[in-house]
Amino acid sequence: MTDSNSSSSQPQNDPTLRSAEFDPTVRDVLEERLFPEGRGASRRTRRRAWGITITLGILASMGGFAASFAFDLWTTNPRAAAEREAHRDLDQEVVPFTTSITYDTDPTDAGFSVVLDRPLSPEEVTTLQATPPSKVWDLLRPLGGRLIHSSTYTTTFKMNIFSERAAQLSIVDMTPVEVTCTEPSAGTLVDVSGQGVAEYPGLAINLEKDKPQLVNADGRDQGQPFFDKRRIDLGGGLEPGGLRVSASTREQSCTWEILARYVDAQQNPGEVTLRDGDKPFLAEAKPQSPEQHWEAITYKSQPPYFHPCHEKPSHHSCPSN
């Protein structure tokens with residue numbers, strides 16, 4: 001009997017079981033920190049308090065998100081406008097456009113001339129006399145020869161125009177400037193006559209005029225200012241622009257530049273001076289009294305192919321005859 005009573009009363013006094021049922025320390029901490037005024041309240045009341053607290057927390061979080069979202073919406077347009085303005089300012093710092101120049105070095109059937117600054121050596125003269133007129137440019141070019149299309153007295157080059165700006169711009173006018181002409185000083189002139197007149201599409205300029213202009217070289221508007229009805233659009237991912245320019249001069253060799261006027265995407269005007277790299281363009285004339293003047297004898301089928309007009313000017317191949 002005694003054993004039975006001892007056995008039944010022991011679980012009630014076991015501290016492990018009391019701790020498992022509830023821990024007053026944990027309860028006190030929660031009530032003290034979260035619901036100090038709810039001490040002694042019923043379990044239902046405490047659950048409702050918990051629910052209200054959680055709901056308020058969720059609403060507070062959603063309110064903060066909504067406020068942040070509204071602030072982002074409110075600042076998006078001004079921020080985007082400021083970024084566009086910054087990109088536009090950076091783009092304006094990029095050089096509007098640059099050019100590369102390639103002089104035309106293809107002889108034509110219409111005739112051409114080659115000039116050199118120095119006279120040919122005896123060995124070079126021997127080689128010249130053995131070279132057919134159709135091959136003479138291949139001979140003289142490596143020696144420093146420069147080509148003149150003698151039928152039109154022109155120096156022709158192709159000008160490619162590039163722009164790395166993100167926004168488009170348009171070249172609306174080009175004017176020859178800084179035109180300086182002097183007597184040609186080449187020491188050697190080699191002439192190869194031809195038939196007809198060479199024609200070049202693109203722009204032409206007569207540097208002997210008082211106020212030279214870039215005009216149309218062909219078509220219905222031949223002789224009219226090129227930019228009267230045209231413009232060149234660049235930038236914004238567009239392909240580079242290209243122009244073929246033929247500059248003519250008979251009596252004097254001339255250097256010159258081009259003043260290009262443009263408007264950008266905001267209709268702001270600007271100007272760029274175009275040159276052949278770090279030097280002006282050159283249009284060369286044939287010297288009137290060169291130290292050596294060689295005229296091709298085009299009808300001959302064997303050497304010598306060139307006559308020395310500087311030694312025997314009365315020969316029928318020479319220009320004065």
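Tutor: Gladly! Counting the bonded cysteines along the chain, the disulfides follow the pattern 1-2, 3-4. Keep in mind that this is a predicted model.

Student: What is a disulfide in general?

Tutor: It is a covalent bond between the sulfur atoms of two cysteines.

Student: How do you know that C181 and C254 are joined by a disulfide?

Tutor: The cut-off is a pair of cysteine sulfur atoms within 2.5 Å. For C181 and C254 the S to S value is 2.0 Å, so the pair meets the rule.

Student: What makes the disulfide of C181 and C254 right-handed or left-handed?

Tutor: The torsion about the S-S bond decides it: here the torsion is about 110°, so the disulfide of C181 and C254 is right-handed.

Student: Why is C254 called buried, and what is C181 called?

Tutor: Buried means under 20% relative accessible area, and exposed means over 50%. C254 has a relative accessible area of 1%, so C254 is buried. C181 has 26%, which lies in between, so C181 is partly exposed.

Student: How do you know that C309 and C318 are joined by a disulfide?

Tutor: Their S to S value is 2.2 Å, and the limit is 2.5 Å, so they pass too. By this rule the count comes to two disulfides. The link of C309 and C318 has -105° about the S-S bond and is left-handed.

Student: Why do C309 and C318 count as buried?

Tutor: C309 has 7% relative accessibility and C318 has 2%. Buried means under 20%, so both labels follow.

Student: What makes the buried residues of α5 line one face of the helix?

Tutor: In helix α5 (residues 122-129), the residues E124, V125, L128 and Q129 are buried. Seen down the axis of α5, they fall within an arc of 135°, so they line one face. On the other side of α5, E123 and T126 are exposed.

Student: What do the buried residues of α5 pack against?

Tutor: They pack against α6 (136-140), β14 (292-296) and β15 (306-308).

Student: Which residues are closest to the centre of the second largest pocket?

Tutor: That pocket holds about 350 Å³ of space. It is lined by 17 residues, and the closest to its centre are L189, P287, Q288, H293 and P319. The lining divides into eight nonpolar, five polar and four charged residues.

Definitions and conventions: Residues numbered from 1 in each chain as written. Predicted model: local features only at pLDDT ≥ 70, side-chain atom pairs only at ≥ 80, totals over all residues. Heavy atoms only, no water. Buried < 20%, exposed > 50% of the residue type's maximum accessible area, 1.4 Å probe, protein only. Helix = DSSP H or I, 4+ residues; strand = E, 2+ residues; numbered from the N terminus. Arc of directions from axis to C-beta. Contact = heavy atoms within 4.5 Å. 1 Å grid on protein atoms, 1.4 Å probe; cavity = no way out; pocket = protein on both sides within 12 Å on 5 of 7 lines; lining within 4 Å. Points joined across faces, edges and corners; volume = space filled by probe spheres on them. Nonpolar A, V, L, I, M, F, W, Y, C, P; charged D, E, K, R; others polar.
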